[in-house]
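User: I have a model open and would like to go through it with you. Could we start with the terms and then move to the details?

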Amino acid sequence: MPMDFHWFLPTNGDSRDIVGGGHGVPVGAAGGVRPLTIGYLGQIARSAEQLGFVGALTPTGAWCEDAWLTTAMLSEVTERLKFLVAFRPGLISPTLAAQMASTFQRLSGGRLLLNVVTGGESHEQRQFGDFLDKDARYARTGEFLSIVNRLLRGETVTHAGEHLRVENAVLSRVPETPPAIYFGGSSPAAGPVAAEHADVYLTWGEPPAKVAEKLAWIRTLQPDMRFGIRLHVITRDTAEQAWAEADRLLQNVSASDIATVQAGLSRSESVGQRRMLELHGGNRDGLVVAPNLWAGVGLVRGGAGTALVGSHAEIADRIEEYAALGIDEFILSGYPHLEEAYWFGEGVLPELRRRGLWRHPAGDRGTSAGAIPFAGVPIQTPS
């Protein structure tokens, strides 16, 4: 089955350097921020759509713009691109969340995907008025998703649980197709929630052997799960050019920046974040943790901290390697997000198409004079 590729909308700011943000990292900690506007995000979204990305992930947290509002605006400047909206269960009622999802899905023409983020940092959760501990947050997420999924199926729901309670909740209109649920979490408490409620289980970009272990864990809980991976990417015409760009990104990061960010991230409650930190240990040395897998981003950025680095063919090789493990969906990003989308779209996607691993989501509709040849869709010459 051909793979799906998603891009990333940097609602915390963009730059030609690595931008901090997430898990308590100050935005802009690692570089100057390119001004964030709907116009700029629209450029990224339209480019991703044209290049052949299925969707775009939009983050959530105190460090970025609101994902629901931003993507609702961007749905008006795109036609096909789906929006993988990250949100945190428990900060709003499950009935309201289901109503928002139903409205978005219906009015966008079925272009909503939901990325459920339980929340790994108690200090950030408390900013939103959430004072549950981590295990309790996962338990609440399970209740929340149970209610939301039932409402989106058109059921009338009465639920009295440990954390949530609704009575005779019902949606006046339900979407023709409920949005798919994407869920990530490396904690023991995360697995059962993912197995019961998620359509796609997400992992950050660890070496293939570690990814295989995590997928095997989830398969013991839900054999039919679909899997996705979250990675940055630096792809160029030659491997030398790609690694030179990786080196340039780190040249603009000071030792004090790394020390400050690592001190903050070391206090994280997230098991996934701890696994990211273990890949590099806060040290510039030994950042290549697997073939073409570079952990340099994680020195100054919380969350996803690894990047695929190499020539277009090498990146395609690594993607094929992850696909062989069972990864179906790739959520990618790069600095800056507009330019890096083109590097990947012009270089890697055509290579994957030649290998029979990817096809443009627009299919044969791209055979007009406005087609994009570097996305592998031929231009039709007027007769």
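Analyst: A residue is called buried when its relative accessible area is under 20%, exposed when that value is over 50%, and partly exposed in between. Please keep in mind that this is a predicted model.

User: What percentage of the residues in the protein chain is buried?

Analyst: Of the 383 residues in the protein chain, 57% are buried.

User: How many helices and strands does the chain have?

Analyst: The protein chain contains twelve helices and 13 strands. Its radius of gyration is 20 Å, close to the 21 Å from the globule rule for 383 residues, so the chain is as compact as a globular protein of that length. The C-alpha trace spans about 60 × 60 × 40 Å along its principal axes.

User: What share of the contacts joins residues 24 or more positions apart?

Analyst: Such pairs account for 72% of the contacts with a separation of 6 or more.

User: What about D328: where does it lie?

Analyst: D328 lies in strand β13, which covers residues 327-333. Not counting residues up to four places away in sequence, D328 touches M3, D4, R226 and F227. D328 and D4 are 324 residues apart in sequence, with their C-alpha atoms 6.5 Å apart in space.

User: Next, cavities. How many of 30 Å³ or more are there?

Analyst: A search of the whole structure finds three cavities of 30 Å³ or more. The second largest cavity has a volume of about 60 Å³.

User: Which residues line the second largest cavity?

Analyst: Its lining consists of H232, V233, I234, E245, L249, W294, V297, A307, G334, Y335 and E340. By class, these are seven nonpolar, two polar and two charged residues. Strand β9 supplies the largest share of that lining, three residues.

User: What is the volume of the second largest pocket, and which residues lie nearest its centre?

Analyst: The second largest pocket holds about 270 Å³ of space. It is lined by 15 residues, of which T60, D66, W68, R88 and L91 lie nearest its centre. The lining has ten nonpolar, two polar and three charged residues, and α2 (67-74) and β3 (82-87) each supply at least two of the lining residues.

User: Finally, the backbone. Which residues does a cis peptide bond join?

Analyst: A cis peptide bond joins Y335 and P336, with omega at about -15 degrees. P336 is found in the loop between β13 and α12.

User: Is N292 buried or exposed?

Analyst: N292 is buried, because its relative accessible area is 10%, and the cut-off for buried is under 20%. N292 is found in the loop between β10 and β11. Phi of N292 is near 65 degrees, a positive value. N168, in strand β6, has a positive phi near 50 degrees. Most residues other than glycine have a negative phi, and most peptide bonds are trans.

Methods:
Residues numbered from 1 in each chain as written. Predicted model: local features only at pLDDT ≥ 70, side-chain atom pairs only at ≥ 80, totals over all residues. Heavy atoms only, no water. 1 Å grid on protein atoms, 1.4 Å probe; cavity = no way out; pocket = protein on both sides within 12 Å on 5 of 7 lines; lining within 4 Å. Points joined across faces, edges and corners; volume = space filled by probe spheres on them. Helix = DSSP H or I, 4+ residues; strand = E, 2+ residues; numbered from the N terminus. Nonpolar A, V, L, I, M, F, W, Y, C, P; charged D, E, K, R; others polar. Rg over C-alpha atoms; globule rule 2.2 N^0.38 Å. Buried < 20%, exposed > 50% of the residue type's maximum accessible area, 1.4 Å probe, protein only. Contact = heavy atoms within 4.5 Å.
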